[in-house]
Amino acid sequence: MAAANTTAAGTATAAPAPAAPAAPVQVPRGQVDLVDFIDWTGVECLNQDPSHSIVNALKQTLRDDEGLHLASDSDEQLLIYIPFMQVVKLHSALFKGPEEEGPKTVKLFSNKEHMGFSNVNDYPPSDTLDLSADHLVENKPATLKYVKFQNVRSLTIFIEDNQSGSDVTKIHKIALYGTT
Amino acid sequence: MVLEVRRATCRRFSLPNSDLRLISSPRRGFPLQATMICIDNSEWMRNGDYAPSRFQAQADAVNLICGAKTQSNPENTVGVMTMAGKGVRVLVTPTSDLGKILACMHGLEVGAEANLAAAIQVAQLALKHRQNKRQQQRIIAFIGSPVKYDKKVLETIGKKLKKNNVALDIVDFGESDDEKPEKLEALIAAVNSNDSSHIVHVPPGDNALSDVLLSTPIFTGEEGGSGFAASAAAAAATGASGFEFGVDPNVDPELALALRLSMEEERARQEAIAKKAAEDTENKDHASSSNNDSVMAEAEPATNAADDDKKEQPKDDDDLLQQALAMSMEGGSSGSASVADAAMAEAGAVDPDLALALQMSVQDANMSSDSDMSKVFEDRSFVTSILNSLPGVDPNDPSVKDLLASLHGQGEVRSFLFLS
């Protein structure tokens with residue numbers, strides 16, 4: 001059933017976007033965009049470039065602006081902490097970024113507060129995504145292990161490396177889909 | 001203590017509680033911060049080119065910084081650790097208790113070499129395990145000995161700090177060789193994000209280390225908070241308050257006005273108390289009793305004289321207190337009788353029972369012994385007003401009653417019970 005869902009979501013999003021990268025995103029059926037449930041006072045991002053901060057990738061209006069993106073600072077890793085205002089169920093996540101500097105290995109942790117780069121590898125992630133250029137450019141949401149994200153109060157996204165291995169990781173948009 | 005007065009002021013002037021957050025939020029000085037101070041107590045600190053010795057100058061500066069940070073925001077925490085001596089060790093984990101911080105500086109020994117890299121790592125760890133995760137992390141390092149690491153290593157350290165969102169302030173003093181300022185500047189450049197990290201070079205000279213630091217961003221914080229932090233720091237150094245009540249009227253006119261009004265009302269009330277020595281029941285009913293508590297507690301000569309922004313107030317209260325004391329000890333029975341008479345005349349109009357009690361107390365006072373101290377205790381109104389002002393002392397507590405009984409004798413306890 002999960003596989004059928006994935007293909008259904010895949011075709012739904014791929015169909016209206018033949019070649020143009022800026023095609024509208026189809027929200028997976030039965031899911032909502034969880035951006036309205038994000039508790040903005042608690043959103044944190046470690047190792048972000050101050051002039052290219054997390055709001056550029058998360059906030060409703062800024063994330064669709066092609067000129068704004070989230071960039072990493074000292075090295076290519078990023079640690080994003082997103083608390084929600086209520087308990088949600090996560091279905092899929094969409095990452096949009098440039099082909100070269102976009103994220104590659106993404107680890108998601110559910111309900112782990114205040115992690116740091118030093119202890120991020122101490123816990124097993126709730127899910128690991130290996131993003132390809134497809135995901136980043138074609139507006140294709142990556143489906144998550146639904147059973148692991150049934151009771152999510154906060155989400156920590158650890159971006160371990162990027163597509164080309166460069167020093168800076170850039171992300172144009174992060175969208176989370178699910179239900180409440 | 002400042003927070004108490006502010007809360008009482010809020011209640012008094014009907015400000016909603018959400019405004020309390022505004023009032024106590026650090027719009028000036030330091031935002032919510034957890035700081036670890038790394039002290040250099042290596043052999044190089046024995047040198048006397050900073051008066052009285054490098055180590056002592058450093059200790060004074062540390063005391064000043066701790067004071068400024070905790071005053072600027074009561075939720076700020078500061079921790080202290082050594083870089084040399086017995087080794088890199090944390091003396092006190094980040095706490096807002098200024099006394100603890102000052103106590104740990106006592107008896108520190110000077111010796112060995114400073115290990116900067118290990119110290120910064122340990123400081124990072126201490127900050128990582130802070131209790132309030134909302135606090136920004138900051139390390140202040142006093143580097144007085146030569147730096148033996150090369151630039152690359154320092155830059156890596158700096159990057160790691162930046163990655164973990166830790167700001168770094170460096171005080172470069174003591175030993176100076178050609179490369180030290182450069183290396184430290186490189187370190188700060190690597191850590192710096194958005195101007196959060198600073199470096200200060202202090203050459204040896206006449207000015208004390210702490211005085212030089214007062215005008216630097218290390219002291220004044222990042223939010224242009226020169227008003228409060230600088231005046232608090234200046235007050236600590238020179239003993240004179242920059243602004244009345246320590247609040248800049250330009251920055252926060254409502255708070256300044258509210259504080260001034262409650263101060264004036266306090267003064268008026270203190271004078272009334274001094275005149276009517278037996279009016280302790282009214283004190284309890286007074287709406288700003290908690291305000292009174294904090295103000296009176298300060299007036300006690302024994303309390304901490306380092307509370308800068310109320311410095312003017314204790315002096316005035318002391319004067320009033322002296323007057324009250326003088327009046328109660330004045331002459332033999334005539335003094336106390338006249339006070340009691342004045343009190344009786346007013347209180348008698350209000351409450352005949354009270355008048356009776358006062359009469360009994362005056363009689364007992366006349367029969368007392370000669371010593372001054374017992375006369376003070378005999379002036380019951382004075383004692384009860386003191387007791388009421390002490391936070392946590394309930395005059396109806398049986399142990400307190402027993403104590404008074406032992407001081408006055410039985411007859412007076414009865415009248416005291418009556419009064420309370």
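What share of the contacts in chain B between residues at least 6 apart in sequence join residues at least 24 apart? The notes below start there.

1. **Chain B overall.** The share is 71%. Contact here means heavy atoms within 4.5 Å. This is a predicted model: local features need pLDDT of at least 70, side-chain atom pairs count only at pLDDT 80 or more, and totals for chains, interfaces and linings use all residues. Side-chain values use heavy atoms, without hydrogens and water, residues are numbered from 1 along each chain as its sequence is written, and chains are lettered from A and ligands numbered from 1 in the order in which they are written.

2. **Elements and burial.** Chain B has 20 helices and six strands. These are DSSP runs numbered from the N terminus: helices are H or I with at least four residues, strands E with at least two. Of its 420 residues, 49% count as buried. Buried is under 20% relative accessible area, exposed over 50%, partly exposed in between (1.4 Å probe, protein chains only).

3. **Largest nonpolar core.** A nonpolar core is a set of buried Ala, Val, Leu, Ile, Met, Phe, Trp, Tyr and Cys residues joined through side-chain atoms within 4.5 Å. The largest has 33 residues; Ile37(B), Ile39(B), Phe142(B), Val171(B), Phe173(B), Leu209(B) and Leu213(B) touch the most other members. Elements giving two or more residues include β1 (33-39), β2 (77-82) and β4 (136-143) of chain B. α3(B) gives the most, with nine residues.

4. **Phe142(B).** Beyond its neighbours within four places in sequence, Phe142(B) contacts residues including Ile37(B), Gln58(B), Ile65(B), Met83(B), Phe173(B) and Leu213(B).

5. **Helices α5(B) and α6(B).** The axes of α5 (residues 116-128) and α6 (residues 151-163) of chain B come within 11 Å and cross at roughly 5°. Axes are lines fitted to C-alpha atoms, for helices over the stretch in contact; angles run from 0 to 180 degrees between N-to-C directions. The two helices are therefore roughly parallel (angles under 35 degrees; over 145 is roughly antiparallel, 65 to 115 roughly perpendicular, the rest oblique). Leu116(B), Ala117(B), Ile120(B), Gln121(B) and Gln124(B) in α5(B) meet Leu154(B), Ile157(B), Lys160(B) and Leu161(B) in α6(B).

6. **Ser262(B).** This residue is in helix α11 (residues 253-275) of chain B. Ser262(B) is buried, with a relative accessible area of 4%. A polar atom of its side chain lies 2.9 Å from the backbone oxygen of Ala258(B). The side chain of Ser262(B) also reaches the backbone oxygen of Leu259(B) at 3.1 Å.

Note on methods. A polar contact is a pair of N or O atoms within 3.5 Å; within protein, one must be able to donate a hydrogen and the other to accept it, and residues adjacent in sequence count only if both atoms are side-chain atoms.
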